[in-house]
Structures are given as C-alpha cells and as structure tokens.
Amino acid sequence: MEETTEIIPGFPTINDYKKKGFELLLEATKSSNALPSQREWDFYKTYDSFNKILNKEGDKVLRLMSTVLHNQQQNVNIRNRDMDERMEMLIEANDNILEKVAISIDELNGIKRANQGDPQIQAVSAQLPVNGSWNQLSKATFSVSSSIDGVKKSSSFNAIRLLTAKNIVRPQSYFKDKIDNSNNPWIPRITEKPNSIKPLAIFLEESELGEQYSHPYEMELEHFTPPANQLLKIKPENVKPLEETPLVEVSTPEDLEMCLEDLRQHTEFAVDLEHHSYRTFMGITCLLQISTKDTDYLIDTFTLRDKLCILNEVFTKPSIVKVREH
C-alpha cells in the first residue's frame, strides 16, 4: 500500500488544509453572529454565568492573539492594551503574515524580487555666483552627473555638491509609525511606563506656547532625588582598550533584548545619538550608541524604531547613571 506524505500534519494536501480553515472560519462567524447584541447583551450581562463564559473564552482569544504576535516576533503584553490597540497589533501581524506568504509564493513560482544591488551614486551640483545673493536661484546653474567626477568645476562659481543614491529606498518608508510633519502638538507614544511613581496618563494642557501634551514622566522628574551613592566622590576607572572591548551591532529584536539584559546588570552606562537631517523635515535619529564598562553597542534605530521603547526600563531607572555626550 502506497504511503501518502502529509504536507501539514493531519492534512494530505494544501486544499484539505484550506477547506478545513474555511469551515472553521464559517463556524466562528456563525457563533459570533449568534451572540446577543444591544439590549439583549445588557440583559445577559446581568448573569454571572454568562460573564464567566465570556471571561473564559476571552482568555482563550487573548492567548491565541499572543501566540500569533509572538510568532511574528512582536514580544508585547497584549493583555495590558485596550481593544483598539489589540486590533491594530493583530492587523499588523496579519499584514506581515500575508507579506511572507506572497514572498513564499513568488519563490515557489521561481520569481525573485529584484535586488537593489550596489548604490547608484548620483552627484547633483548647484553653482551660485560668488558675489551674488545666496537665494538668487535665477542666476544659479544646476547639473546632474552619474559620477562624482562628472560635476563641472568653475573658479567663478561656488559649487555645492550633494550625493544621492537613486536605487535606495528612504528608511522612513519602512517605519510602522508614519512621520507627522504637521505643526500639531507632539504626542508621547509610550504605552507602558516602567519605574513609575504615577500611572501613565497623558493630557493635553495649556501652556505659554499653546496646547501641549503633558510629559509622561513629569511627576517622576519633579520628585527625582539622586541616590546617595551617586553623589559620592569616587576614583575614576580606566576603560578597557578598544582591542579588549567587544563591539556589538544591534539590528534585530533579539539583539535588542540581549542588549537590554546586559544593561540591567550595570549601574551606569554612556549613551550618544546620531541625527540624520538630510532630506527630512525635522530630522531622524539614525544611530544609538551605548557603552558599558565591558561592551560597546551600536543600535540601528531605523530598523528597530518601533522596538526601542523597551529600553525605557533602564533609561528611566533612577539607580542607573546615564552619561550623555554633548
């Protein structure tokens, strides 16, 4: 007797798996539509037995949602989020799954997505008269060259040369939180508040500069007192030579978790930021550098932009000294 190979455990073919999936979706939809609504809902909510069933089934749904998010490398506590946030997180995870499915189908069909390859450098030159006003663009000349050496030089002009890469996508295009270039008040985006005295609460307040949102850590900053051990005069320690100090590049959520775990073990660390402002309205943080006594970390803030909030745990901890470079 010929054995059949199951592509997915319990399902001989993809079509069988898909058929079963549709049946479960149909059953779930029917069950959802059968739930009481409006006035009936208010009536049923008065019964403890109904509420117990809701809580039990709700826990199951939350566990399933957490599993889906975990499989998409989104290690967040969904139970502490409101309903809108939960839906947004599920939609985002679903989009990631569909994207992976599309890529896998393309690979199965022998379609390879075009690789960007090496940057195609393009030099843009703006030449202004030496004695002219800086903003007299009518007297300026512009030229574009496919190489840096192709820009014309002239002793009677001031040449400004900008280098661009035609085939590199702007990092902002991959940000999950879209850039807001409006003049609206800045809104804090944190959803969790470690090391807090007062629970997270963000309000729109009136100030001398107009409407502004309250600082999430306003209470903690106002009541901050340095621990006594941080005010003691101590003998500085020499840092390790570069040859003995590991340099760790952090570009994945797993790397960031590892970095955070290490920072938890220290009572001080140094931090520096690099700012990218070329062709951006307000600028973007492009690199976060953190150094302990033992390790240097280079954190890719483009790739990990929406994950960096987990560092609030150590950055807001009063017992850890943060040394900033100015």
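Ile290 touches Leu263, Phe269, Ala270, Val271, Thr295, Asp296, Tyr297, Ile299 and Phe315, leaving out residues up to four places away in sequence; contact here means heavy atoms within 4.5 Å. The model is predicted, so that local features need pLDDT of at least 70 and side-chain atom pairs count only at pLDDT 80 or more, while totals for chains, interfaces and linings use all residues. Residues are numbered from 1 along each chain as its sequence is written, and side-chain values use heavy atoms, with hydrogens and water left out.

Ile290 also belongs to the largest nonpolar core, which has 16 residues; Val250, Leu256, Leu263, Ile290, Ile299 and Leu311 touch the most other members. A nonpolar core is a set of buried Ala, Val, Leu, Ile, Met, Phe, Trp, Tyr and Cys residues joined through side-chain atoms within 4.5 Å. Two or more residues of this core come from each of α6 (253-263), β7 (268-276), β8 (284-291) and β9 (296-300), with helices (H or I, at least four residues) and strands (E, at least two) taken as DSSP runs numbered from the N terminus. The largest share, four residues, is given by α6. Another core, of six residues, lies apart from it and includes Leu62, Met65, Ile78 and Met89.

Ser214 is placed in the loop between β5 (210-213) and α5 (218-222). Ser214 counts as buried because its relative accessibility is 4%; buried means under 20% relative accessible area, exposed over 50%, and partly exposed in between (1.4 Å probe, protein chains only). Beyond its neighbours within four places in sequence, Ser214 is in contact with Pro188, Ala201, Ile202, Phe203 and Glu205.

The structure holds seven aromatic pairs. Rings of Phe, Tyr and Trp (its six-membered ring) pair if their centres lie within 6.5 Å; planes under 30 degrees apart count as stacked, over 60 as edge-to-face and the rest as tilted. Two of the pairs are tabulated.

| Pair | Centre to centre | Angle between planes | Class |
|---|---|---|---|
| Phe11 and Tyr17 | 5.2 Å | 80 degrees | edge-to-face |
| Phe43 and Tyr44 | 5.9 Å | 80 degrees | edge-to-face |

Phe11 is partly exposed at 21% relative accessibility, as is Tyr17 at 43%. Phe43, with a relative accessible area of 48%, is partly exposed, and Tyr44 is likewise partly exposed at 37%. One aromatic cluster is formed by Trp41, Phe43, Tyr44, Tyr47 and Phe50.

Charges over rings complete the account. The charged end of Lys193 sits over the ring of Tyr217, 5.2 Å from its centre, and Arg305 lies over the face of Phe175 at 4.4 Å from the ring centre. The criterion is that NZ of Lys or CZ of Arg is within 6 Å of the ring centre and within 35 degrees of the ring normal.
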